[in-house]
Amino acid sequence: PPVNGRSTMIGNEFTKLFRTRLLYVAFFVGLLTCLAGLVSYYDTAYWAKLAGRPEEISAYNAWLDCLSIGSSVYRIIFPVIIIPFLDSYYLERKSGYQHFIISRTGKWKYFWTKWFVGASSAAIIILAVLGITFFVCSLLFPFNQPLSETSHLHKNFGINWFLDRPGAYIFGLILCNMFYAVIYYTVAFGFSNIVGSRYLLLLIPLIIYLVQLIAWQSLRIPEFSPLVFIAYYEVIGLTPEKMLYVALGDTMVALIMLSVCYVQDAREII
């Protein structure tokens with residue numbers, strides 16, 4: 001279809017996104033790994049009912065089990081389920097289709113539209129996975145206020161917030177996951193002009209995740225943990241101030257990678 005104006009181009013790119021089969025594969029894999037946490041929480045709920053303590057059963061605690069406490073699979077595959085649109089820009093560069101689009105839209109508009117739609121896809125996948133998981137938990141369990149003795153959030157700050165305002169806490173944690181999805185996607189997108197293999201490009205978010213994990217465990221520096229925004233309650237010694245510093249640092253790295261990619265691409269096209 002013709003590309004006339006930024007809104008039309010963004011619409012075309014989103015059309016490509018929602019026609020990408022890998023998008024739906026990533027979504028279903030992410031959702032299944034989250035819902036696997038219900039297996040462990042059903043066991044918890046069973047014993048609570050048996051003990052005559054139904055007030056200990058909460059949809060909020062069930063969601064946390066789905067995120068990582070009961071099922072650690074989601075936090076492991078997090079960097080993999082955000083990549084369905086990551087190779088779109090790379091493939092269009094390799095095929096030469098990029099030159100056709102740029103001749104009608106301009107380098108700046110094309111580049112930033114590709115990044116925006118791809119980054120949006122990463123955030124949308126995470127929002128859909130975690131949002132639907134919470135919806136399922138709300139259908140299966142009551143909205144009882146979480147109790148401290150049944151909430152596994154004692155490794156750092158945040159327990160009081162969860163106990164007082166669990167809905168706001170979960171909403172904030174979903175936003176944190178979406179933020180990190182965009183960061184991972186952006187850094188990987190910045191490698192589009194550097195790596196020579198499509199499959200290596202798709203593996204970059206996972207590679208970054210593993211490097212962070214090794215650095216965290218080896219150096220005992222909580223800021224290096226890949227779980228800082230994915231499941232921050234798993235990181236001993238983490239504070240809100242440290243999270244802010246990590247967010248600023250990660251954003252700076254992502255913007256640098258994005259800028260380097262754009263400059264290098266512009267030079268190649270010229």
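Modeller: A helix axis is a line fitted to C-alpha atoms over the stretch in contact, and angles run from 0 to 180 degrees between N-to-C directions. The axes of H10 and H11 come within 9 Å and cross at roughly 120°.

Biologist: What kind of model is this, and how are its residues numbered?

Modeller: Residues are numbered from 1 along each chain as its sequence is written, and side-chain values use heavy atoms, without hydrogens and water. This is a predicted model, where local features need pLDDT of at least 70, side-chain atom pairs count only at pLDDT 80 or more, and totals for chains, interfaces and linings use all residues.

Biologist: Why are H10 and H11 called oblique to each other?

Modeller: Set the angle against the classes. Under 35 degrees is roughly parallel, over 145 roughly antiparallel, 65 to 115 roughly perpendicular, and the rest oblique. H10 and H11 cross at roughly 120°. H10 and H11 are therefore oblique.

Biologist: Which residues of H10 and H11 meet?

Modeller: H10 brings Tyr180, Tyr184, Val187 and Ala188. H11 brings Leu201, Ile204, Pro205, Ile208, Tyr209 and Gln212. Contact here means heavy atoms within 4.5 Å. By class, this contact has 9 nonpolar, 1 polar and no charged residues. Nonpolar covers Ala, Val, Leu, Ile, Met, Phe, Trp, Tyr, Cys and Pro; Asp, Glu, Lys and Arg are charged; the others, Gly among them, are polar.

Biologist: Why is Ala188 called buried?

Modeller: Buried is under 20% relative accessible area, exposed over 50%, and partly exposed in between (1.4 Å probe, protein chains only). Ala188 has 0%, so it is buried. Ala188 sits in helix H10. Leaving out residues up to four places away in sequence, Ala188 touches Leu86, Leu201, Ile204 and Pro205.

Biologist: What makes H2 roughly parallel to H3?

Modeller: H2 (residues 21-35) and H3 (residues 37-50) pack at about 20°, with axes 4 Å apart. That angle makes H2 roughly parallel to H3. Thr33, Cys34 and Leu35 of H2 meet Gly37, Leu38 and Val39 of H3. This contact of H2 with H3 has 4 nonpolar, 2 polar and no charged residues.

Biologist: How do H8 and H10 pack?

Modeller: H8 (residues 107-140) and H10 pack at about 145°, their axes 9 Å apart. Helices here are DSSP runs (H or I, at least four residues), numbered from the N terminus. The contact includes Phe111, Trp115, Ile126 and Phe134 of H8, and Ile170, Met178, Tyr185 and Phe189 of H10. By class, the contact of H8 with H10 has 16 nonpolar, 4 polar and 1 charged residues.

Biologist: Which residues touch the most other members of the largest nonpolar core?

Modeller: Trp63, Tyr74, Ile126, Leu130 and Tyr169 do, in a core of 85 residues. H10 (residues 166-189) gives the most, with 13 residues. Such a core is a set of buried Ala, Val, Leu, Ile, Met, Phe, Trp, Tyr and Cys residues joined through side-chain atoms within 4.5 Å. Not counting residues up to four places away in sequence, Trp63 touches Leu130, Thr133, Phe134, Cys137, Ile170, Leu173 and Ile174.

Biologist: How do you know whether Phe85 is buried or exposed?

Modeller: Its relative accessible area is 3%, so Phe85 is buried. Phe85 is in the loop between helix H5 (73-77) and helix H6 (88-95). Beyond four places in sequence, its contacts include Glu13, Leu17, Lys114, Ser121 and Tyr185. Phe85 and Tyr185 are 100 residues apart in sequence and 9.4 Å apart in space, C-alpha to C-alpha.

Biologist: Why does Ser121 count as buried?

Modeller: Ser121 has 1% relative accessibility, so it counts as buried. Ser121 is in helix H8. Leaving aside neighbours within four places, Ser121 is in contact with Leu17 and Phe85.

Biologist: What makes Tyr89 buried?

Modeller: Again the accessibility: 1%, so Tyr89 counts as buried. Tyr89 lies in helix H6. Its contacts beyond four places in sequence include Tyr110, Lys114, Phe189 and Asp265. The C-alpha atoms of Tyr89 and Lys114 are 6.4 Å apart, at 25 residues along the chain.

Biologist: Why is Arg220 called exposed?

Modeller: Arg220 has 70% relative accessibility, so it counts as exposed. Arg220 is in the loop between helix H11 (198-219) and helix H12 (240-269). Arg220 has a positive phi of about 60°, although it is not a glycine.

Key: Helix = DSSP H or I, 4+ residues; strand = E, 2+ residues; numbered from the N terminus.
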